[in-house]
Amino acid sequence: MDTDRTYDIQGLDLVDDHYTVEQAFIRNKYKAMDSRGNVLIRGKQKMFKMKEEFPFVDADGNEVFTVKAGGIIDVAGNYVLTDAQTGEDLVILDNDYSILQDTWKIRDARTEAKLAEINSRGALVTLARNFLPFGGLIPHKYEITDRDGDHVGSIEGQFSLKDRYEVHIDDASDVPKEPVIAAAMVIDAIQGN
């Protein structure tokens, strides 16, 4: 990782090691809360866009970042996270589509160097979720690793009427938290998890 490069998003300060991401009942609308239950960011998928787009706002409604698809109908592709205040593209969320495992890479937007990876745990669970009737009700679990493949944290789906994920960051010294939290919301929306 470029030691001079920062992935901080202006106006957003994520300092906890545990976050809850929750989807609204009706559409791809999300909120991320800290360990005390305070809403930190909200995001929702813009409807009727040629390219999928997810603007995110802070608790006061100020836009902090946007995640936008690189192409039209981008099931397995790139989603760029852009700081709303500076206009700078910070990271790319890159989906490697497979029916056996969901894999998302978080890469530097300038150098394209891998910063982290988010992988579903277990091919059988992924297959069941994709092909069994009501398979989508099985909570999904992901492991977050750094660029060297070392464990950083997890994203664990909870069994509930609306999608809910617990995001645990065990060691974020080499992994920017903001893109991981954004990825938890975008993965759910894109893959219909």
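**Close-up views of a predicted model**

By the grid rule used here, the count comes to one cavity of 30 Å³ or more. A cavity is a set of points, on a 1 Å grid over the protein atoms alone, where a 1.4 Å probe fits but cannot get out. The model is predicted: local features need pLDDT of at least 70, side-chain atom pairs count only at pLDDT 80 or more, and totals for chains, interfaces and linings use all residues. Residues are numbered from 1 along each chain as its sequence is written, and side-chain values use heavy atoms, with hydrogens and water left out.

**View 1. The largest cavity and its volume.** The largest cavity has a volume of about 30 Å³. Volume here is the space filled by probe spheres set on the grid points, which are joined across faces, edges and corners.

**View 2. The lining of the largest cavity.** Lining residues, those with an atom within 4 Å of a point, are Y142, I155, Y165, A184, I187 and D188. By class, five are nonpolar, none is polar and one is charged; Tyr, Ile and Ala count as nonpolar and Asp as charged.

**View 3. Helix α2 at the largest cavity.** Helix α2 (residues 177–191) supplies the largest share of the lining, three residues. Helices are DSSP runs of H or I of at least four residues, and strands are E runs of at least two, numbered from the N terminus.

**View 4. The surrounding protein.** The protein has two helices and twelve strands. Of its 193 residues, 47% count as buried (under 20% relative accessible area, 1.4 Å probe, protein chains only).

Terms used
Buried means under 20% relative accessible area, exposed over 50%, partly exposed in between (1.4 Å probe, protein chains only). On a 1 Å grid over the protein atoms alone, a cavity is a set of points where a 1.4 Å probe fits but cannot get out, and a pocket is an open set with protein on both sides within 12 Å along at least five of seven lines; lining residues have an atom within 4 Å of a point.
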